[in-house]
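I opened the notebook to record what I looked up, one entry at a time.

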Amino acid sequence: MADISYRDAVTIALREALREDDRMFIMGEDIGLYGGPYAVTKGFVEEFGRERVIDTPISESAMVGAGTGSAMGGMHPVVEIMTINFTLLAMDQIVNHAAKLRYMSAGQYTVPMIIRTVTGGGAQLAATHSQSLEGWFASVPGLKVVTPATPYDALGLFRSVRNEQDPVIFVEHILLYSTRGEVPDDHYLVPLGKADVKRRGDDLTLVAYSRMVQVALDAAEELAGRGINAEVIDLRSLRPLDIGTVVESVKRTGHAIVVEEAWRTGGFGAEIASQIQEQAFDHLDAPIGRVAGAEVPTPYSQPLEMLAIPSLESVVAAVESALGR
Amino acid sequence: MAKELVMPQMGYDMQQGTVVRWIKKEGDQVVRGEPVAEIETDKAVVEMESIGGGVLRKIIAPEGTVAQVGEVIGIIAEPDEDISSLEAKGPKPAATAPPAPKASPAPAKAPAAEQPPAPASAGEIKASPVAKRLAQELGVNLGQVTGTGPGGRIIREDVEAAAQGPAAQPAAPAPAAAAPAEAGRTELTRMRQAIARITSISKQQIPHYYVGNEIDMTAAMEMRRQVNEKIGGDPRVTVNDLIIKAVTIALSDFPALNASFKDDHLETHPYVNIGIAIDLEQGLIVPSIANCEAKSLVEIARASTDLGKRAQEGRLHESEYSGGTFSISNLGTLDVDTFSAIILPPQSAVLAVGSVKKRPVVDDSDQIVVRQMMNTTLSADHRVSDGAEGARFLQELKRLLENPVSLVM
């Protein structure tokens, strides 16, 4: 076992991929000579050369378009979009082209492209750079959306994503890069579409993904001190979605609270809540609770930003209210 | 800052209580921790202490009112504080037991027009989905269940409690053949209801096992005589006190018998609170002596004398009802040789003790001698411990009582 950071996990995953897969190359803004805006690709140009580690202009639509074309032609591109906020510039390429080509060509083409991007707030980057838009992509058939919350899952999921024939949005979280965790020395995979129970508990089920998993775990620890044993489920991928693990848990606990950083209205948590009530209605002992980001453009002011993002306190409050404590 | 006085939970299964008497009147000064009212639970009258200081501004539940646990029964605030927003809350009108349905022969025909109104259907009652489903499965009428969830919603626990409790729908009685005399009917007191509920839960949920042995009490009885002679009868050390002391010492080697089963784990208690089964006129209660592990034999004797006296007067503290970790039931004074007791949840074991009697015994040199013998039977939760462990506990108990000097060390 090694204790590594989330950043290390992504670096290891990318380096491993570039070494093992000749068809793989990476492109993005400042990923080459600068080493990547989050220092994930430091030293990559030196090791793999400028043909496989390509610095691009600020041109998200062109990057994704080029990635799609190369994937159709047999390559295995990793396109890095610096933050998920900038995917908006490439929305047409992602949703209308990359996600559709396999279907519209009746399988003549596949698009095995990995789009790495960074979600989330909390870094005082203000309203246009702090959004959590992964739920939007998760509603598009033809895409896969992966949201690791730990170094272990980041490395294991990236390895699995390399085997996908469809475009994958690989969503990293800006506040997770420095978090640490154990990973085995031996090769392992974390499959897509398999949620992970990060903490066992019988009193209620907290459902989360990405950084909110850590918030839910912290809240569960606090709740344990108050005599409430919360189960924490990390979805790990939003599409494919493993609702079975969630439903099984809720049938046991009778209570579910979905935690997400995105805005509440139309948030992916609404989809989770909906599927829970469809499949576990007769087991619910209270309405399904939701904790989500405040419905405002993310404030630049740090105290206000903290209030706009779900926290240990807001999760604990939601749990106690659901349980009538 | 105004504070709501709510019906306290005194004992793990308490659902409601009656305000018997307000010790403080409206307008009286109250210090935090001071008794403000007397609450009757299923088992006794207990003083309720104030959770804050100030003036008892408003009595919401007058004497005689039945209130659910958690319901507001009074308000404590500063003399000039505005409490109008709190006054709106309060218990529902005094709950009275629903009248017992009169036994009547089933009508041969029941014309549709004369059918009684259907009981309130689940759809009109605020209940969680799982509560509704369970109610149907368990045959519980939700109209008779009090909700304890947010906003008074009936939740799973409420239905489960109702299914265990007296409110559950009775099974339709078999039609009696023409009987010459009518069967008698006695309404259950709340204490009998509680005993029925707790013993049923225990026997339904706890897989009991039983092991018994015979203990030579001759040396212990002699030591007891000497101790009582020395301390002059204040307090008087009883046989049961010797057993409490011996059990306490023995439990230190058997933590699983001083523990609670919690579904996926065991909660072992860092202290030994021995519950003593006390036979009152109204029924059985099992209050406990706290921290026996820190008490000498004489201190235990003093505590048990005091506990027995206050039990007779109905003046026990709330913690004494719910705090036991192991219980002893002694029917020795009633000329009982052996019996088996029912475990009091959430404890995991109970010791049943019979009379000390002179009996012929074959001693180590094969001589028949007269010794004072006593039988004990341990009932224990098989989820927590196994028979061999219970047997080893009894061996240790026997060793301690047959070599009683360790009880006064």
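How many helices and strands has chain B? I counted 9 helices and 18 strands in chain B. Helices (H or I, at least four residues) and strands (E, at least two) are DSSP runs, numbered from the N terminus.

Conventions. I noted that this is a predicted model, in which local features need pLDDT of at least 70 and side-chain atom pairs count only at pLDDT 80 or more, while totals for chains, interfaces and linings use all residues. Residues are numbered from 1 along each chain as its sequence is written, and chains are lettered from A and ligands numbered from 1 in the order in which they are written.

Chain B as a whole. I looked up burial: of the 409 residues in chain B, 34% are buried. A residue is buried if 20 or more other C-beta atoms, placed from the backbone, lie within 10 Å of its own. Two residues are in contact if their C-beta atoms, placed from the backbone, lie within 7 Å. Among contacts in chain B with a separation of 6 or more, 62% join residues 24 or more positions apart.

Two helices of chain B. I checked α6(B), residues 239-251, against α7(B), residues 297-313: their axes come within 9 Å and cross at roughly 120 degrees. Axes are lines fitted to C-alpha atoms, for helices over the stretch in contact, and angles run from 0 to 180 degrees between N-to-C directions. Because of that angle, α6(B) is oblique to α7(B); oblique covers what is left after under 35 degrees (roughly parallel), over 145 (roughly antiparallel) and 65 to 115 (roughly perpendicular). On the α6(B) side, Asn240(B), Asp241(B), Ile244(B) and Lys245(B) make the contact, and on the α7(B) side Leu297(B), Ile300(B), Ala301(B) and Ser304(B) do.

A sheet in chain A. I traced an open sheet of 7 strands with mixed pairing, in the order β3-β2-β4-β5-β7-β6-β12. Two strands pair if DSSP finds at least two bridges between them. Its edge strands, each pairing on one side only, are β3 (53-55) and β12 (237-239) of chain A. Neighbouring strands are turned by 20 degrees against each other on average, direction ignored.

Inside the sheet. I followed β6(A), residues 144-146, which pairs with β7(A), residues 168-173, in the parallel sense over 3 bridges. Lys144(A) has Val168(A) of β7(A) as its bridge partner. Helix α7 of chain A (residues 151-161) packs on the sheet and touches β5 (114-119), β6 and β7 of chain A; its direction makes about 165 degrees with that of β7(A).

Technical notes: Buried ≥ 20, exposed ≤ 12 C-beta atoms within 10 Å, placed from the backbone.
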